Amino acid sequence: MVDPKMIQWRRWERQAFEESRQSRKPILLSISATWCHWCHQMDKDNYEDPETAALINERYIPVRVDADRRPDVNERYNQGGWPSTVFLDTQGEVITGATYVPPATFRNALRQVSQEFSSGIVRAEQISGPETRVEEAKPEGKLEDVVARELSIISRSFDDMFGGFGNAPKFPAPDAVELALLAWRKTGKTEYELVARKTLDGMINIFDKEDGGFFRYATRREWVAPHYEKLLETNAQLLRLYSLAFSVTENREYEETAKGTARFIEDWLFDKQFWASMDADEEYYQSDDRERMPPPSVDKVAFADLNGIAACCFLDASVWLGNSQLERHAYTTLDNCLQSLVSSDGKVAHFSGESPSGMLADQAWLSLACLRAFEQNAPQKTLYLNSARRIIGWALANLSGDRAFYGDLGLEISGERTKPMDDNAAFCNALLKLAHIDGREELVGKAENALREFSGSFTLYGPHAASYALAVYQLRNSFDVTLVDVGGQEKSLLREALRLFEPAKTIVPLNMKDDMVAARGYPQKAACYVCGSGLCLTAGDGPELQQHAAKLAKLDLP
């Protein structure tokens, strides 16, 4: 940890920039993370060095930001990883920046930037590492081509020797694997099966066989030599992915990997809510006798977006693994988040306490988790549905752009607002589900407009644009499965609907006397209706439900 007495760190707030203007000193922005190995190394090599600390205090207004607590700042100023070391002018514009910087290079940069800033000669360039490229706006593409183009990118970047995408370092890409699984199931093409299976097999190498859970990434192409941090987001998404893969392939190793990941999260990152991360403690993980050592520290903060992601993943995994405890954990999490983080008008705080609020990721994932709980016929499904309506309503009123949605309300220093593609994809997922549940066709139009904004630029993100492609697939194929008398005759069919691997589905579980039965024009008798693309079909059993789903949701590839 950085000794606060050495560097006089300020918080990200207007006061720091006012001080910068009055003192005519540039801002040194350090974006760090509690789980980040190279952040700790940057602290040790630079910020804990007395000479460097004195130079910073003398010539800069130093500002320290935690990436998890201020994702809005991280979104704008991240230099391609953590730590991010950014020099800013008094208006918050970037002068230059880098990630980790070696001590001698860092001290030279501190002196050079300070001198050039004082003389009025500043130029934007990187201190070290690859150049930052400013991409020109791409012309709009066709939504109907998005999935095929993304699958082509996934196939081209696939490492057919070790699985995964590209070379080293290797990061898990759960959405890309899910899209490959979907393409295999829809088309029967074994090339997509190979992408999915080989990547699933390769990623198991960064699963901690002793304590459970996945490390964040591997530094080598063969999925070995991991960086030791364990993040909630990584583990929740891989829990869901391996549960799904087991459901699709019946591979028992995938099932055991999913169960081990669930146990890790339950043991280390859950206590009525989900905690964010576990530190990258190399000494602990490289020890031959971990039991004698104190475990790595856990960042015990419950962030709204990460809790929404984890709740969604736990709900899906509970179905595919047949584990009702995971379902109960998701409901407990939602109850606590709704009570502590959501205002009466639907605005979501990022975490409890002095926190930013109204960020698209928080609004999207918490509303989506509420809708997933509704689909699962949760005991408090009406509460969750009304909460989702409120959260989505606030976002529509406050984050709508000309097409896509803004990521936040704008920083305190700059009015510039970004439109993150992944967060828009998640929010469109929620919009499309609510459109089917409430019969609000205008929400489909809003989702289509938002997704269309990225149709020319998504290819820049390579395999990591798969979440966007899945959202486009949902838009173009969305249908709903409405079950009347879900507590009685249709209870078993609800389980079949939940188990069905179909990203385009929305499940509407209704009791016989629910007002929504009459509102939809259905008779008050047990039935299952599968409706989409202008068709409404009835299903009497699981196989018939699958047939109708296959008819309504198609994946046509060249």
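Start by selecting Cys36 and Cys39: a disulfide joins them, with an S to S distance of 2.5 Å (a disulfide here is a pair of cysteine sulfur atoms within 2.5 Å). Bear in mind that you are looking at a predicted model, in which local features need pLDDT of at least 70, side-chain atom pairs count only at pLDDT 80 or more, and totals for chains, interfaces and linings use all residues. Residues are numbered from 1 along each chain as its sequence is written, and side-chain values use heavy atoms, with hydrogens and water left out.

Stay on that pair and look along the S-S bond. The torsion of Cys36 and Cys39 is about 85°, so this disulfide is right-handed. Cys36 is buried at 3% relative accessible area, and Cys39 is buried too, at 1% (buried means under 20% relative accessible area, exposed over 50%, partly exposed in between, with a 1.4 Å probe and protein chains only).

Next, jump to Cys531 and Cys536. Their sulfur atoms sit 1.9 Å apart and form a disulfide. Cys531 is buried at 8% relative accessibility, whereas Cys536 is partly exposed at 47%. That brings the count to two disulfides, and with bonded cysteines counted along the chain the pattern is 1-2, 3-4.

Now for some cysteines without a partner. Cys370 is in no disulfide, as the nearest cysteine sulfur, that of Cys337, is 8.8 Å away. Cys370 is buried, with 0% relative accessible area. Then select Cys312: its closest cysteine sulfur is in Cys313, 6.7 Å off and too far for a bond. Cys312 is buried as well, at 7%.

Last stop: the second largest pocket. Select Ser32, Arg64, Val65, Asp66 and Arg69, which lie nearest its centre among 42 lining residues. (A pocket is an open set of points, on a 1 Å grid over the protein atoms alone, where a 1.4 Å probe fits, with protein on both sides within 12 Å along at least five of seven lines; lining residues have an atom within 4 Å of a point.) The volume of this pocket is about 1,100 Å³, taken as the space filled by probe spheres set on the points.

Which element gives the most to the lining? Colour helix 2, which supplies six residues. Helix 2 (37-47), strand 2 (61-66) and strand 10 (298-299) each supply at least two (helices are DSSP runs of H or I with at least four residues, strands runs of E with at least two). Colouring by class, you'll find 16 nonpolar, 10 polar and 16 charged residues in the lining.

Key. Ala, Val, Leu, Ile, Met, Phe, Trp, Tyr, Cys and Pro count as nonpolar, Asp, Glu, Lys and Arg as charged, and the others, Gly among them, as polar.
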